[in-house]
Amino acid sequence: MNYLFRKSIEILKEYQSTSGAFIASPNFDVYKYCWFRDSTYSAYALDLVGDHINAEKFYIWGTKVIERYKEKIKRVEEKLQKKVDLSPDDLLHTRYNVDMLESNDNWPIFQLDGFGVFLWGIAQHIRLTGCKKVLIMGKDGIDLTIRYLSILWDHPCYDCWEEYGDKIHVSTLASIYGGLSNINYFLKDEKIKKLAQDIKEFVLKNGVKKGHLVKFLGTDIVDASLLWVSVPFEMIEPSHPLIKNTVKKIEKDLIVKNGGLHRYKEDSFYGGGEWIILTAWLGWYYTKIGEYEKAKKLKKWIEKQADDFGQLPEQVQHSLYFPKEYVKWKLKWGEVAKPLLWSHALYIILCNSIEQKNQNRVIAGESKRVEIVDVTPSKSFFKPGESVRVEFEIINSSSEMAYVTLCISILWLDKEIHFEEFNMRLMPKEQKKQLFEFCPECEKFLGYGVDAILKDQNEIILDAKSTAFDVLEDWTLAPRYGFLCDFSKSEADTEERVKSIKKFHINCIQFYDWMYRHHNLIPPKEEYVDALGEKLSDCNLHQKINWNPRNIEIMRNRRLSANTLRRKIKEVKRYGIEAIAYGAVYGAEEEFVKEHPDWALYTNDDRIFSLEDLIFIMNISRDCGWHDHILNEYARALKEFDFDGIHLDQYGFPRAAYSHLGYKKKLINMSNLFYEFITDCKRVLSEIKSNVKIIFNAVNGWPPDTLANPEQDVVYIEVWPPHDTYQSLKEIISKARIFAPGKQIVLAAYMSIFNRVDNTQISAAERATLLTFSSINANGAFHLLLGEKSCIITDGYYPAYIRLRADFVEVFQYYWDFIVRYENFLFDHSLKDISLYVSGGIDDELRIVNYPYSSIAKPNTIWVIYKEMPRYKVLSLINFLNILDTHWDTLRVEKVEYVYNIKIEATIQEKVKKILFASPDFTLKPQSLDFQFFKSKKGEGIRFDVPILNCWDMIIFELDQ
């Protein structure tokens, strides 16, 4: 990414207002407004570089502007029906203030091209993101725009340069056609389709002279904006003779030798210079017809026009048509607009187009022409008897019609439960969605695989994708716990954030630090600052706190919105995800403690226990007023925000403390109090919600007796040293299972290494994450790690999360699909770990012949985790080869050693029916492994080869009944 490309992105973001609108230019007074046309290309450029949030903000803003002035559209319709002349005040303006108000100065109002471009941009945004949020939220504005264009498209109006208001312009018609035809890809409206076709026929009939397109009807001159007819609006293909003739005429009349492109011959604006956007546009067109060297030449010319600050102007005056006019305009308005956001947007688009074409040339003929873009279940899990819905997205990126068959298999392990085929026809460049529905048997705890294969008419496989879903009577049977912690008023991408969580099959969400105060949970008004944010706004205080400076900066003045909180709760429930409210069991702020000093807990020298003098520890015993107070706060949270349960947090201390109730000093055991409190909490909250869920944080497994409390729905353990090795993760899981044999276990194991890495170490942090996740899940527990939008927690303060790289998100997705698909072989309560007894010890009934291995997590070995259950034995292999230490929160900088053909010998007294291999690194669908029998001292054994190991493999032995 070169400097100008980076700078162009920065400029687009810098001059986008908080409302979502882009101003055309910050340093040119008459351009300090938002044009729909210019801004759409800015949003499109941001979409191309992956900044979909800011692009979405503009499109939402634009639809709201149209809705704001809907009375104008209604008035235009009425006047046209009555054949009454329209006045300028009847028409939508072409430019707006960022607060949606019309500009009140003397400026040509009636322009249509911008509204066509706007519809086109929305369609591109949906295609690039796969998200229809703008289409849904902006439906009224989109419908109004279509109505406005449909009644006025053939009326004379100002062109894209705000000139010739009495003409009908071909580039304007192309913009309208492009907007209508592209948005109709999602609307499927026959009227819109016919209107777009009528516009195209009108252009071909009236907009052509001497074999080329013309600037406007009634002339034979060309305008560089005629490029739009082909790129990007595709009214006519780039290779069509009419387009080629038009481009040839543009090159002859308007391009400067070794320079840029003029608008049109009579252009006198600022003397009629060479325009950056049009030069980029011509380069964009060249990439479409394979003229890459020409495109690169124009790109280099554009780069030379940037000043020392990386700013691109609207035009340059190297070769003016009317030099005297330049002086006139300069005296009127000053220097040429710079930076012009439209120029930077088109530069980004040109660079992207060149890069795309370069990539296509490298893989010439090998890239997929028709492929499965995505496959996603509609919910995080499904309940017994509920219809399962899975959406498949297919794209035909070729220029030919495609006839394909989508084959969908639903499997439990290797057993096909259901099979269905869909014959599909895709137009060139078409992207289509196919909804699949399936009604499984009423199981209470079962994970399924979904395998899709796309074939052409000759039965040749074009693509394959897999996902998973599960059927659960209750999410606590497989608690894939995630987090949400952003509740700002300005958040505009809630749906996208929750969708990303749902895609990972997360089925319960901890709403972290949502509350107003620890002792007073419900915010008094819609927008508020949380307790820590309020306290740390005091500079003197936050400088004394011995916490991560980055975390403190995030905490300071952290503003939240009750409306955003409600929206997020509602959104997660839409996908079947349960909302769990964070609540500290004994945390209170200083002002509350001053009112109730006898409710606090004290040290042996009579100081109040606290967390950095910010949160003070209260007495949760039944005879203390705090007990009923905080339970009442939890009850209010369930009623006010419709939470489904409470996440009871503690800080791991104190284990013993002194009560001062009744001014009597008494030593109390916190372990007993926690057990009682969990019981009381379930009883009180069950009166509000009969199926309320309670989760208690047993920090580092303490106190262990709380794990056995039957009122706790999930065992939750926040992991800290000394549990810092892979083996200690297994040990903490094993101990928890002893106390709570019938409950699932969640470990909050934070990957703090992401806070300490530079760009060269990201992959090492990612591999460490995969190994930690594998170690936790292979040992039968779930890992609290993911939340918000593909982000992970890096320490105990969740808002200091780190966003994962897009490439890694795709890799990590397979791991989550894997644990859902094979949940019955990972998390079933009947599974018994027999690793220590049968592998790597005195009784070596399962051994790896050709690599070092151990049933204890050790450096430079393959970690063997071996379990059994009725009818199955399950073997997990975790790759620690070439790893120098086994601390899980450590960068894995060692060279990755892929392991091939792992030879295993096992003596299994039951008769082995088959051996299946699956891995999140290689194949989600189980593969059958060949095996041979051999004679051992303890009976008949089996030999087999595991083909490959990266991080985690699973081998399942199915036993004969």
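Guide: Start with contact: it means heavy atoms within 4.5 Å. Beyond its neighbours within four places in sequence, leucine 101 is in contact with Arg68, Tyr69 and Tyr96.

Visitor: What kind of model is this, and how are residues numbered?

Guide: This is a predicted model, where local features need pLDDT of at least 70, side-chain atom pairs count only at pLDDT 80 or more, and totals for chains, interfaces and linings use all residues. Residues are numbered from 1 along each chain as its sequence is written, and side-chain values use heavy atoms, with hydrogens and water left out.

Visitor: What is the mean pLDDT of the protein?

Guide: First the idea: pLDDT is the predictor's confidence in each residue, from 0 to 100. Here the mean is 92, and 98% of the residues reach 70 or more. Over residues 359–368 the pLDDT is below 50, and that stretch has four contacts in the model beyond near neighbours in sequence.

Visitor: How many helices and strands does the protein have?

Guide: Both are DSSP runs, numbered from the N terminus: helices are H or I, at least four residues, and strands are E, at least two. This protein has 27 helices and 43 strands.

Visitor: How does the radius of gyration compare with that of a compact globule?

Guide: The radius of gyration is taken over C-alpha atoms, and the globule rule is 2.2 Å times the number of residues to the power 0.38. For 961 residues, the rule gives a radius near 30 Å; the protein has 32 Å, which agrees with a compact globule. Along the principal axes, the C-alpha atoms fill a box of roughly 95 × 75 × 55 Å.

Visitor: How much of the protein is buried?

Guide: Buried means under 20% relative accessible area, exposed over 50%, and partly exposed in between, with a 1.4 Å probe and protein chains only. Of the 961 residues, 60% count as buried. Contacts also say something about the chain. Among those between residues at least 6 apart in sequence, 72% join residues at least 24 apart.

Visitor: Is histidine 125 buried or exposed?

Guide: Histidine 125 is buried, because its relative accessible area is 1%. Its place is in helix H5, residues 113–129. Leaving out neighbours within four places in sequence, histidine 125 touches Asp47, His52, Ala55, Glu56, Tyr59, Gly130 and Val134 by the contact rule. Take glutamate 56 from that list.

Visitor: Where is glutamate 788 found?

Guide: Glutamate 788 sits in the loop between strand S30 (786–787) and strand S31 (791–792). Glutamate 788 counts as buried because its relative accessibility is 0%. Its contacts beyond four places in sequence include Arg497, Lys568 and Tyr801.

Visitor: Is glutamine 457 buried or exposed?

Guide: Glutamine 457 is exposed, since its relative accessible area is 62%. It lies in the loop between strand S12 (445–455) and strand S13 (461–472). Glutamine 457 and tyrosine 347 are 110 residues apart along the chain, and their C-alpha atoms are separated by 41 Å.

Visitor: Which residues does a cis peptide bond join?

Guide: Look at the omega angle. A cis bond joins lysine 338 and proline 339, with omega about -5°. Proline 339 lies in the loop between helix H13 (323–333) and helix H14 (341–362). Another cis bond runs from phenylalanine 653 to proline 654, with omega near -10°. Proline 654 is in the loop between strand S23 (645–649) and strand S24 (656–659).

Visitor: What is the phi of methionine 100?

Guide: Methionine 100 has a positive phi of about 80°, although it is not a glycine. It is in the loop between strand S2 (95–96) and H5. Methionine 100 is buried, because its relative accessible area is 17%. Asparagine 901 is another non-glycine with a positive phi, about 50°. Asparagine 901 is in strand S38, residues 899–907. With a relative accessible area of 43%, asparagine 901 is partly exposed.

Visitor: Back to leucine 101. Where is leucine 101 found?

Guide: Leucine 101 is in the loop between S2 and H5. Its relative accessible area is 37%, so leucine 101 is partly exposed. From C-alpha to C-alpha, leucine 101 and valine 65 are 8.3 Å apart in space and 36 residues apart in sequence.
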